[in-house]
Amino acid sequence: MTTIAELPPGFADKVLSAQSTFRSVMDAMARPGSVQRIVPMAGTPGPMMRGVAAIALTLFDHDTPLWLDARMAESSDVVKWLKFHTGAPVIQDSSIASFALIGDGALLPALERFALGTSEYPDRSTTLILQVDRLDAGQSFELRGPGIDGVATLRASIKPADLFERLRVNETLFPRGIDVVLVADDAVVAIPRTTRVVSKGS
Amino acid sequence: MTQQNNQQAQRKAAMAVLAHAEAGEIAARLRAFALPAHQDLRTPENGLVMLRGRVGGDGAPFNLGEATVSRAAVRLASGEVGFGYTLGRDGEKARLIALCDALVQSRDFSASVERDVIAPLREQLTIRRKQAAAETAATKVDFYTMVRGEG
């Protein structure tokens, strides 16, 4: 019997939902630190947030190897759902992944273990999709860089607490580096590799 | 195990009929059917499949060309998941096929969907095929070669 009893559905309207989600992620990338909303909703398997599920349905396909952290990988619902709806291969080797889904920030491995791209193809790096607690309250951060007029402030409660210190490697690696997408429920904030973040305390 | 094989055979047989039926015919049959609650697991989508051929039927395989296919997946409230694949771009037909496939697997609806939907469609299909075969047979021409004498 091919019963997949607990497999949640994908987008109700595939094309428009994917376009709208893509727009949110693109705006978030273009304006680092701004909080974008993801409107279209799909089913969410296991520990996956609805924003992450929508991003997965929009960006993942059979050409984008995925790396899952222990929190995501331990849920067979997540793995099955990703396979059914996106067809993206889930791999164990994080250094060749196009995307990494981090369900629990405390489990984030050292950033050097992900693909950093090459000088010829800096786009071949891993994009981290990190589930965080909140993107509307918590510690304050100051962001500077392309896409920001002067300084932008972001209030967020993020695990791991030293995420932005660890992302300093982007300064020396450029044009290589890691892009990060933070998701809390339906809110999205992107920290591309060009953004410099300074913690201001709470 | 045999029960599983039986069901697989039943689904195969149903699929063989549904794939050749018109979307309108399936919809008309299903309209008279008391459908259980269901939702689209995968909304209908179009894609391409590579068709492979073999020279003379048993030669080396080669890529003949691509054909459009539509697919969909439907889940009944009771948990059965049906899949529908069909040639062409008729997404609604793929969805109806997926729905029928899910019904065939359901214990409560398996018999009634076979009786009210698939059997009548199969009958129509057989009639249509017989008719086409008869029309073709009417224009059959027999060729034969007379043996020519040597020299």
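Over how many bridges do E1(B) and strand E2 (residues 61-76) of chain B pair? The count is 14, and the two strands run in the antiparallel sense. Keep in mind as you look around that this is a predicted model. Here is a short tour of chain B, from its sheet to the helix that lies across it.

**The sheet**
- Three strands of chain B make up an open sheet, ordered E1-E2-E3, with antiparallel pairing.
- Strand E1 (38-54) and strand E3 (81-87) of chain B are the edge strands, each pairing on one side only.
- On average, neighbouring strands of this sheet are turned by 25° against each other, direction ignored.
- For a landmark, find Met50(B), which stands opposite Glu66(B) in E2(B).
- As background, strands of a sheet pair through backbone hydrogen bonds, either parallel or antiparallel.

**The helix across the sheet**
- Helix H3 (residues 91-105) of chain B lies across E1, E2 and E3 of chain B, and runs at about 140° to E3(B).
- Of the 15 residues of H3(B), 13 are buried, so this helix is largely enclosed by the rest of the structure.
- The length of H3(B) agrees with expectation, because 15 residues at 1.5 Å a residue should span 21 Å and the end C-alpha atoms are 21 Å apart.

**Confidence**
- Chain B has an average pLDDT of 91, and 98% of the residues score at least 70.
- Among the elements of chain B, H3(B) has the highest mean pLDDT (95), while helix H1 (residues 2-18) of chain B has the lowest (90).
- For the complex, the predictor gives an ipTM of 0.71 and a pTM of 0.83.

Key:
Residues are numbered from 1 along each chain as its sequence is written. Chains are lettered from A and ligands numbered from 1 in the order in which they are written. This is a predicted model: local features need pLDDT of at least 70, side-chain atom pairs count only at pLDDT 80 or more; totals for chains, interfaces and linings use all residues. Two strands pair if DSSP finds at least two bridges between them. Helices (H or I, at least four residues) and strands (E, at least two) are DSSP runs, numbered from the N terminus. Axes are lines fitted to C-alpha atoms, for helices over the stretch in contact, and angles run from 0 to 180 degrees between N-to-C directions. Two residues are in contact if their C-beta atoms, placed from the backbone, lie within 7 Å. The expected span of a helix is 1.5 Å times one less than its number of residues. A residue is buried if 20 or more other C-beta atoms lie within 10 Å of its own, exposed if 12 or fewer, and partly exposed in between; C-beta atoms are placed from the backbone. pLDDT is the predictor's confidence in each residue, from 0 to 100.
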